[in-house]
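Hi,

Here is the structure I promised to pass on. Have a look at it first, and then read my notes below.

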Amino acid sequence: MVVEMTRDTWRIALAQIDPTVGDFSGNVRLIRERAREAAQLGAHIVAFPELVITGYPPEDLLLKVSFIDAARRALHLLLDAIPDRVLIVGVPWVESGILYNGAAILARGEIVAVVPKHHLPTYGVFDEDRYFARGSHTFRFLWGNLRFGVTICEDIWYPIGPASSLATRGIDLLVNINGSPYHRGKWIQRQVMLQTRAADAGCYLAYVNMVGGQDELVFDGNSIVLDPNGTILARGTSFEEDLIVVDLPITRVLSSWLHDPRRRWLARAESQPALPVVDREIPLPVPGEQLPPLPESVQRPRTPLEGVAEVYQALVTGVRDYVRKTGFRTAVIGLSGGIDSSLTACIAADALGPENVTGLSMPSRYSSRHSIEDAEELARNLGIRFLIVPIEPVHRVFREVLAPLGNQPEEPDVADENLQARIRGTILMTYSNRFGPIVLTTGNKSEMACGYATLYGDMAGGFAVLKDVPKLLVYQLARYRNSISPVIPERAFVKPPSAELRPNQKDVDTLPPFEILDPLLELYVEQDLSREELIRHGFDPEIVDRVIMMVDRAEYKRRQAAPGVKLTPRAFGRDRRLPIANWFHG
């Protein structure tokens, strides 16, 4: 059936896409494709994520004049993309010699306005005060009887700012464009906040978020459209590119204002909003055509991922985009037969395709037969390439060469254990140099936090897949992956974790049991609890002191670690213990 177009019904599209930092031609091409697709569906307004022209986060590229000029040229390439519609795209924008994080409003082949971002986050992974100036005004756009405003990411998180100023002036629709990084469960926190903002403003709220991975950051999408009561009308897919198209009957906005005197009182009390609002006409005729019916693909309800399924897909997305955006196509992994390397191989195979993943088994004199068997079975189940490269000949020669230095203990010591790990690291990196795959390291957060890893050994590589995944979560994720298809051998779940670098070695010989260690690390690393607070939580004082000492002494190793997917708000290795320069580069 054909929807009759009235002056009260407007169709908006949110293009949840995956741009690449610095790939102006690729980003422009992607924007044009999605914009035209939305226009063919009858959308009057098509909105894209924050800084979509440049990709996010561009970091110190924003300090290069050539980069800013390239962004401006790329924006002009979009002027004819859908000239009879409104296109909203994020772009860095210079005005009077000052750089802003902007949202460009395009219509009829011209730049109608560039809305500046007002609230600039400078915490966690954000450092926007380093690059941008704060916007001192915002715009209300008028198109027929539609009044809409545009804000950028952080602006919507504050109850006072551009959104409240626009609401005071009166708008039917607020579009918020975002580059909002993922952390576990963030979409729930975000949704509650957005429902509050929509209800407070008494208007439709359309939130479009980026998707994909860039460096250590992952963007989850989960774009959302809400009505004036905060009810969810549509939602984008988690971790996938998507186009969300929604019809908005704006008479509901007037109705909500008529029935809620608080909004009238607010408008009367704040006739001069906190942030100046400039009215700007959209230079297009009021649409009057009949709207084509929306296909089910753009209006079906999406259910956001939760729990371990959400985390697993975040890891797959992060690996896929890190490898692709850094110019690699294939990956190599050291397969020990343990749970960490098994999960890493699964993520890599799902992200890149099993034909693009190689597993190297590098047994030593201390490796058990079942470790080799489990690694081979995993590779066979996943369909990845599998090679066995024993390190015993190299290990023996190294011991002989180093013997004159006194490095020939009767029993293996820490130096000899690390030597084996470094031999494996050398093999992996040489294979990478020779054949071109990126080396994916397999260490988990629990081990990395405590320094239970070898610098230039098992820490050597291009990307640390499980860097922000605690050990107990590794097991949960592995079980989840096996619930999809049973590829990880059951023995990997039940055998005690071991580096197998000396006879009968077990991880618990060095580390507290993971059932104790993981909760303790969460409280100390992520929540910054003190020693006294940890003890009050019931942890043994001796274990607390030992773990704190290990974590603090592991600082140097953390600085040398490969970047990895970020899963938590602060993320180990990206917290207050590291300077800003290391937040994005491990």
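Strands here are DSSP E runs of at least two residues, while helices are H or I runs of at least four, and both are numbered from the N terminus. Before going on, note that this is a predicted model, where local features need pLDDT of at least 70, side-chain atom pairs count only at pLDDT 80 or more, and totals for chains, interfaces and linings use all residues. Residues are numbered from 1 along each chain as its sequence is written, and side-chain values use heavy atoms, with hydrogens and water left out.

Back to the strands. β16 (residues 331-334) and β19 (residues 438-441) run parallel and share two bridges; two strands pair if DSSP finds at least two bridges between them. Helix α9 (residues 339-352) packs on the sheet and touches β16, β17 (357-361) and β19, where contact means heavy atoms within 4.5 Å. The direction of α9 makes about 170 degrees with that of β16. For such angles, axes are lines fitted to C-alpha atoms, for helices over the stretch in contact, and the angle runs from 0 to 180 degrees between N-to-C directions. Helix α10 (residues 369-382) also packs on the sheet, touching β17 and β18, and its direction is at about 160 degrees to that of β18.

What is the strand order in this open sheet? It has five strands, β18-β17-β16-β19-β20, with parallel pairing. The edge strands, each pairing on one side only, are β18 (385-388) and β20 (463-464).

Now the whole chain. The protein chain has 19 helices and 20 strands, and its C-alpha trace spans about 85 × 50 × 45 Å along the principal axes. Of its 586 residues, 60% count as buried, meaning under 20% relative accessible area with a 1.4 Å probe, protein chains only (over 50% is exposed, in between is partly exposed). Among contacts with a separation of 6 or more, 75% come from residues 24 or more positions apart.

Last, the aromatics. The count comes to 11 aromatic pairs: rings of Phe, Tyr and Trp (its six-membered ring) with centres within 6.5 Å, stacked under 30 degrees between planes, edge-to-face over 60 and tilted for the rest. Phe-139 and Phe-141 are stacked, at 5.9 Å centre to centre and 25 degrees between the planes. Phe-139 counts as buried because its relative accessibility is 6%, and Phe-141 is buried at 0%. Ring pairs link these two and Phe-148 into a cluster.

Cheers
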